[in-house]
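Let's take a walk through this structure together, stopping at a handful of side chains along the way. Keep the viewer open so that you can find each one as we go.

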Amino acid sequence: MEYQAIQEEIALYMRRLYSQGLTTCSGGNISVRVDEDRVLITPSKLDKGNLQPETVALVTMAGENLTPELPTSIETGMHLEIFRSRPDIKAIVHAHPVTASLFTATGKKLRTDLLAESRFLLGEPVFAPYALMGTPGLAGIVGESFKAEGTRVVLMENHGVITVGQTLHQAYDRMEVLEVAAKMTWMGELLGGMRPLDQERKEAIDRM
């Protein structure tokens, strides 16, 4: 396959997600748009902690599996809807980091304004209402959630989180930073006395 280097990168970052405790061996998925009509995406039913490049599937934007010997992720439709919603997005990481995912089940605000880094990399997360995993309903809701220009993070109610980027490294980096922001929010609530960035500082960061 002509996309071997990208398959290797996807497998590497999937294993990294697992080794960093950001997902389970059966959870999460990664995709990369390789051209206007084709997307590489992680498979289902395989150990994400030991994913190999040759098991990364190739699909069209219409959803046709060009590698029928590989079972594609059940969230393939969701990934494709995100790509359709935002042509600027080239890579998607969906995972279930414990702390950030907890915020999807509590309805409490996950603060990305406690550190300048998290504000700069994540912006303001969008909350997507619940729909059953792997369904067209979920795909439509999440795709719609990403339509607003500049949205980089979506929290999926009672499910997990999605980060996007112009490169896979950027999308993955945002996932790590999101989990750190979630931990800081949780610990900050316990400690009390949080001093988030004020509006002037957030606007200065957003202009960077």
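A word on burial before we start: a residue counts as buried under 20% relative accessible area, as exposed over 50%, and as partly exposed in between, using a 1.4 Å probe and protein chains only. The model is a predicted one, so local features need pLDDT of at least 70 and side-chain atom pairs count only at pLDDT 80 or more, while totals for chains, interfaces and linings use all residues. Residues are numbered from 1 along each chain as its sequence is written, and side-chain values use heavy atoms, with hydrogens and water left out.

Let's begin with charges. The structure holds 9 salt bridges, each one a side-chain nitrogen of Lys or Arg within 4 Å of a carboxyl oxygen of Asp or Glu. One of them joins Glu 144 to Lys 147, at 3.2 Å from N to O. Glu 144 has a relative accessible area of 48%, which means that it is partly exposed, and Lys 147 is partly exposed too, at 47%.

Ser 85 touches both of these residues and also Gly 143, leaving aside residues up to four places away in sequence; contact here means heavy atoms within 4.5 Å. Ser 85 sits in helix H2, residues 76-85, where helices (H or I, at least four residues) and strands (E, at least two) are DSSP runs numbered from the N terminus. With 17% relative accessible area, Ser 85 is buried. A polar atom of the Ser 85 side chain lies 2.9 Å from the backbone oxygen of Gly 143.

Now move to Lys 109, which forms a salt bridge with Glu 124, with 2.6 Å between the closest N and O atoms. This pair links distant parts of the chain, 15 residues apart: Lys 109 is in the loop between helix H3 (98-106) and helix H4 (116-122), and Glu 124 is in the loop between H4 and strand S5 (126-128). Lys 109 is partly exposed at 45%, and Glu 124 is partly exposed at 39%. Together with Arg 119 and Asp 206, these two residues are linked in a network of salt bridges.

What about Asp 113 and Lys 202, buried or exposed? Both are buried, and their side chains meet in a salt bridge of 3.8 Å, N to O. Asp 113 lies in the loop between H3 and H4 and Lys 202 in helix H7 (residues 199-206), so the pair ties together parts that are 89 residues apart in sequence.

Next comes His 159, in the loop between strand S6 (153-156) and strand S7 (160-165). His 159 counts as buried because its relative accessibility is 17%. Its side chain makes a polar contact (a pair of N or O atoms within 3.5 Å; within protein, one must be able to donate a hydrogen and the other to accept it, and residues adjacent in sequence count only if both atoms are side-chain atoms) with the side chain of His 94, at 3.2 Å. Among the residues that His 159 touches, not counting those up to four places away in sequence, are His 96, Ser 101 and Met 133.
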